[in-house]
Amino acid sequence: MDSYQQTVTPYSMSIPAHSRDLIYTEWTLIEPQFDPEQLRTRETVFTIDNGYLGTRGSFEEGYPQALPGTLIRGVYDDVPVIYTELANCPDWLSLVVIVNGERFRLDRGDILHYERQLDLCHGLLSRSVRWRSPPLARR
C-alpha cells in the first residue's frame with residue numbers, strides 16, 4: 001500500500017477479514033464489496049450530514065433489516081426521556097428501480113460488482129452496482 005492508503009477494520013473480529021475491510025485513500029472511504037452482516041454498521045459509517053440535515057447511508061431501494069433515517073437539526077422527539085433526542089424524520093430516499101420488469105434489490109438476484117464510496121472532501125456518497133435479476137440468476 002502506498003502512503004495514502006490504509007485499510008480500516010471495525011472492532012468485530014468474528015467476520016472474515018475480506019468482508020469487513022474498508023479502504024481509505026486520502027479523502028475517500030471505499031466499501032469494495034457488500035456484506036449483509038455489516039449493513040447497519042455501514043449505514044452509520046456512510047451517513048452524510050451538512051450540519052442541518054443528516055441521512056444514514058441506507059440504500060435508496062431499501063434492504064431487509066435496514067434502518068434508514070433522516071435527522072434535522074432542531075426537530076426533537078416529544079417523548080419524555082432522560083435526555084432530548086433528535087426525531088427520526090420521514091425517509092426521503094425511497095426509490096423503486098425496475099429492470100426488465102424486475103424490482104432491483106440487493107437481497108434478490110446476483111451481485112456481480114459492488115462498490116460504495118464516500119468522498120469526504122466533497123461530501124459525496126456514490127455506489128456502483130452490477131446486478132443480475134432473479135430470473136436470469138436462476139439460469
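Two strands pair if DSSP finds at least two bridges between them, and strands here are DSSP runs (E) of at least two residues, numbered from the N terminus. This is a predicted model, in which local features need pLDDT of at least 70 and side-chain atom pairs count only at pLDDT 80 or more, while totals for chains, interfaces and linings use all residues. Residues are numbered from 1 along each chain as its sequence is written, and side-chain values use heavy atoms, with hydrogens and water left out.

Let's start with an open sheet. Four strands lie in the order S4-S5-S6-S7, with antiparallel pairing. Strand S4 (48-49) and S7 stand at the edges with a single partner strand each, so one side of each is left without a neighbour in the sheet. Within the sheet, S5 (residues 53-55) and S6 (residues 70-76) are joined antiparallel by 3 bridges, and Thr 55 has Thr 70 in S6 as its bridge partner.

S10 (residues 110-119) and S11 (residues 124-132) pair in the antiparallel sense over 9 bridges, and Glu 115 has Ser 128 in S11 as its bridge partner. The hairpin has 4 residues between its strands, and Gly 123 takes a positive phi near 65°.

Now look inside. The largest nonpolar core has 8 residues: Phe 34, Leu 39, Phe 59, Tyr 63, Phe 104, Leu 106, Tyr 114 and Trp 131. Such a core is a set of buried Ala, Val, Leu, Ile, Met, Phe, Trp, Tyr and Cys residues joined through side-chain atoms within 4.5 Å, where buried means under 20% relative accessible area, exposed over 50%, and partly exposed in between (1.4 Å probe, protein chains only). Leaving aside neighbours within four places in sequence, Phe 104 is in contact (heavy atoms within 4.5 Å) with Glu 61, Val 97, Val 99, Val 129 and Trp 131.

Finally, turn to Trp 92, found in the loop between strand S7 (86-89) and strand S8 (98-99). Trp 92 counts as exposed because its relative accessibility is 54%.
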